[in-house]
Amino acid sequence: GGMLAVVVLLLLAAAGPGRAERDVLREELLLSPLPDGDVAATFQFRTRWDADLQRGSVSHYRLFPKALGRLVAALGVRELHLALTQGFWRTRVWGQPPLQAPAGAELWVWFQPTVTNVDKAWKELSNILSGIFCASLNFIDSTNTVTPTASFKPLGLANGTDHHLLRYAVLPREVVCTENLTPWKKLLPCGSKAGLAVLLKAERLFHSSYHSQAVHIRPICRDASCLAVSWELRQTLTVVFDTFSSGQGKKDWSLFKMFSRTLTDACPLASQSKVYVDISPKNKEKELLEVTPPPTSVHEATVQGDKRTYAVYDLLSPSLFNTSRSLNVQLKWKRPQDSSDLPTPVLHAQRYVSGYGLQTGEISTLIYNTHPYRAFPVILLETVPWYLRLYVHTLTIITKGKENKPSYIHYQPAQDRKRPHLLEMLIQLPANSVTKITIQFERALLKWTEYTPDPNHGFYVSSSVLSALVPSVIAMKDVDVEHSPLFTSLFPSSDGSSYFVRLYTEPLLVNLPTPDFSMPYNVICLTCTVVAVCYGSFYNLLTRTFHVEEPSRGGLAKRLANIIRKFRGVPPL
Amino acid sequence: MAAAVPAVGWFHAAATLLLACCSAALASGIQDQAEQFFRSGHTNNWAVLVCTSRFWFNYRHVANTLSVYRSVKRLGIPDSHIVLMLADDMACNPRNPKPATVFSHKNMELNVYGDDVEVDYRSYEVTVENFLRVLTGRIPPSTPRSKRLLSDDRSNILIYMTGHGGNGFLKFQDSEEITNVELADAFEQMWQKRRYNELLFIIDTCQGASMYERFYSPNIMALASSQVGEDSLS
């Protein structure tokens, strides 16, 4: 009896604090000097919540933002990825991006199999997100939404992937500014008041070559046995500062120079708060970089097929703020860097539109595989708006002078005003080669109400997406998400010999034949004038008759009226 | 004779007294009306701030709207009660030498864009249709809350519009216009649906006074920065 009571008490004690689902916040800043002297800063805030959002039984939100939690539960969202980007990541010069997004707004969502009307849920989702992030995501409709079949596989837990549950849309014309950053910051548990988020000041972040902020929500395994599901929210912000233009020509940088702020403490709600600085030696002999203050530890990892060394500053360790109240990480170049030793990334791509006139044109995509001996396949996803009519019979893929037939093609032609073109191909890239993919198109005439208020700016074609498993030089071990830096666990790793890369090409700006919008007004004026002059004079000629009028003396009423008119100063009757 | 003079004098006195009373009553009537305006029983405030111009050379219109936005926020109306419509993005425009800032004065002291701005309708969303839908409340059901004017019959609403205008119309985004008749009808719809208690309409365009010529709903006070026939270099 007594034993039973003790056991029951123990169980209650264990279940008591566990009633509120456990949520954990980790924040991290990765500072990587880029090969040409610029600096990339990647912020990641990861909230992991051991709750089952789908059951709808959740009512108490602590670190996980309520706006997103309720969205996921109400609309049956399995995975959500929203990115707002300004600028373009120059892969050839800067290297492989940790996480790239196309210019503008990109939204891709996997819905749960229980959702019956995916299009309706998609429309509602884009409207709600447009309200949360102050972005014009309500312009996402069937004319810019596609359902890819091979790209954009789920990044979280998934059992069965029916691609009809996936929706992908890009708004290339979307602008990112402070009004998008403010709600993004408000979703963070500490806001922008403590921790790494104090560095996020709009005036510095938008004075950059590349700014990308994203929200990623996905379900993950709660533990190794994967019996229960946890939800992970990652908020990432990548910014590339041009240190030459803002650093008076010197490549040395510091946190204060970049953000005009320094770090003073960690977010009290975070279980981990770290700053990683990439100090990997570019050539194996000497160290090029010197970081001050001395880091709390040094971490080595294999990231994207490369062995890299990081100086780690743990904001939660008490020794960091011993000497000074604020942490200002500074980096100095010990010797000037040769521009000749810029490493080229294994996979990079370029896209451009060619042709002349306003009737036809050609879109060309060049994909480079610079690996010396390994070939690998890449999935190319192109979404072209319906008003550029693609001629698929002109699609040519040429590698090293020979035709390269893709092993998988999925083409969905556009329907005017309903659906864009979707072209997905799996192309094998031979080692050390350039693959050129060209397709011709014709420009359509839009109805005059369909033009934007500034049609002479041009119309955007959103970026192509390249997804590939790039072979890596060094074998990579499986990462334990909970104990390794966040930037190593962005994409699930399949095996140690390759790493997943998703690249985006440039968006294209195409001019459509634009009418003269003042013509309706001109036509109305001209027609009315012609009608008035011609018909009016004709009518007058036919119906106007002339009478001679005798001037009459008039009666009393007329005389009274004339008196009043005299007073008024008006001529008499 | 002596009896006639006092009679005439009495008549004059009575007439002047009557006249004085009438004028006093009239004057106090107008005074009363003006005072009444400040004695209304409203319980909440809303603001609809619209900038209707696109392109970099219309930077000043965005700066105008943001100045009013900052004043209105400083005086206590929260973001949830402000519908801000900016037809173009000036702060993060590639031509802006100081990104994420908008200044309303050439000495560039005060950044009216600030760190905490919520733009509800941006860029191509600022159209005559959306503006009228916001005012009248006839909005598609999927519109988020921040884009709605959720006023009731005890709300005082400030409507501020700036841009390029003419005699009887205001230009939206260089491609369409809203006329003073449409605006008056929209306000009448608002009155009939009891969507406002009092309305303060401020218009900052060329020939702005023409925009309030056709108002026929009660409880509206309108201000314009220029008379008909005048250019407002706003």
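Between domain 1 of chain A and domain 2 of chain A, the count is 1 salt bridge. That is a handy place to start in this predicted model, and a search of the whole structure finds 26 salt bridges over all chains.

- The domain assignment of chain A gives domain 1 as 22–333, while domain 2 is made of two segments, 347–478 and 490–510.
- Taken over C-alpha atoms, the centres of domain 1 of chain A and domain 2 of chain A are separated by 25 Å.
- To the contact, domain 1 of chain A gives 37 residues and domain 2 of chain A gives 40 residues.
- The size of an interface is often given as the accessible area lost when the parts come together.
- For domain 1 and domain 2 of chain A, the area buried between them is about 3,200 Å², with 61% of it on carbon and sulfur atoms.
- A salt bridge also joins the side chains of A:R173 and A:D454, at 2.8 Å from N to O.

- A:E482 and A:R46 form a salt bridge in which the closest N and O atoms are 3.3 Å apart.
- Is each partner buried or partly exposed? A:R46 has a relative accessible area of 2%, so A:R46 is buried, while A:E482 counts as partly exposed because its relative accessibility is 28%.
- Salt bridges that share partners bring A:R22, A:R46, A:R48, A:D50, A:R218, A:E232, A:R234 and A:E482 together in one network.

**Two further salt bridges**

- In chain A, A:E382 forms a salt bridge with A:R351, and their closest N and O atoms are 3.6 Å apart.
- This pair also links distant parts of the chain: A:E382 is in strand 17 (residues 376–384) of chain A and A:R351 is in strand 15 (residues 347–354) of chain A, 31 residues apart.
- Both A:E382 and A:R351 are buried.
- In chain B, B:K73 pairs with B:D79 in a salt bridge, with 2.9 Å between the closest N and O atoms.
- B:D79 is buried, because its relative accessible area is 13% and the cut-off for buried is under 20%.

**Backbone geometry worth a look**

- A:T292 and A:P293 are joined by a cis peptide bond, with omega at about -10 degrees.
- A:P293 is placed in the loop between strand 11 (289–292) and strand 12 (297–303) of chain A.
- A:C226 is not a glycine, yet it has a positive phi of about 60 degrees.
- The loop that holds A:C226 runs between strand 7 (210–221) and strand 8 (229–241) of chain A, and at a relative accessible area of 31% A:C226 is partly exposed.
- In chain B, B:M108 is a residue other than glycine with a positive phi, near 50 degrees.
- B:M108 lies in the loop between strand 2 (82–86) and strand 3 (121–122) of chain B, and its relative accessibility of 42% makes B:M108 partly exposed.

**A buried threonine in a strand**

- A:T309 is part of strand 13 (residues 306–314) of chain A.
- With a relative accessible area of 16%, A:T309 is buried.
- Which residues does A:T309 touch, not counting residues up to four places away in sequence? They are A:V277, A:D278, A:I279, A:S280, A:P281, A:V298, A:H299 and A:E300.
- From A:T309 to A:L157 the C-alpha to C-alpha separation is 30 Å, and the two are 152 residues apart in sequence.

- A:V531, A:Y535 and A:Y539 make a nonpolar surface patch of about 350 Å².
- A:V531 counts as partly exposed because its relative accessibility is 47%.

Technical notes: Residues numbered from 1 in each chain as written. Chains lettered and ligands numbered in written order. Predicted model: local features only at pLDDT ≥ 70, side-chain atom pairs only at ≥ 80, totals over all residues. Heavy atoms only, no water. Patch = residues over 30% accessible without salt bridge, like charges linked within 9 Å, V, L, I, M, F, W, Y side chains within 5 Å. Areas by Shrake-Rupley, 256 points an atom, 1.4 Å probe, with all protein chains shown as cover. Salt bridge = Lys/Arg side-chain N within 4 Å of Asp/Glu carboxyl O. Buried < 20%, exposed > 50% of the residue type's maximum accessible area, 1.4 Å probe, protein only. Domains from an automatic or database assignment. Contact = heavy atoms within 4.5 Å. Buried area = accessible area lost by both parts, 1.4 Å probe. Helix = DSSP H or I, 4+ residues; strand = E, 2+ residues; numbered from the N terminus.
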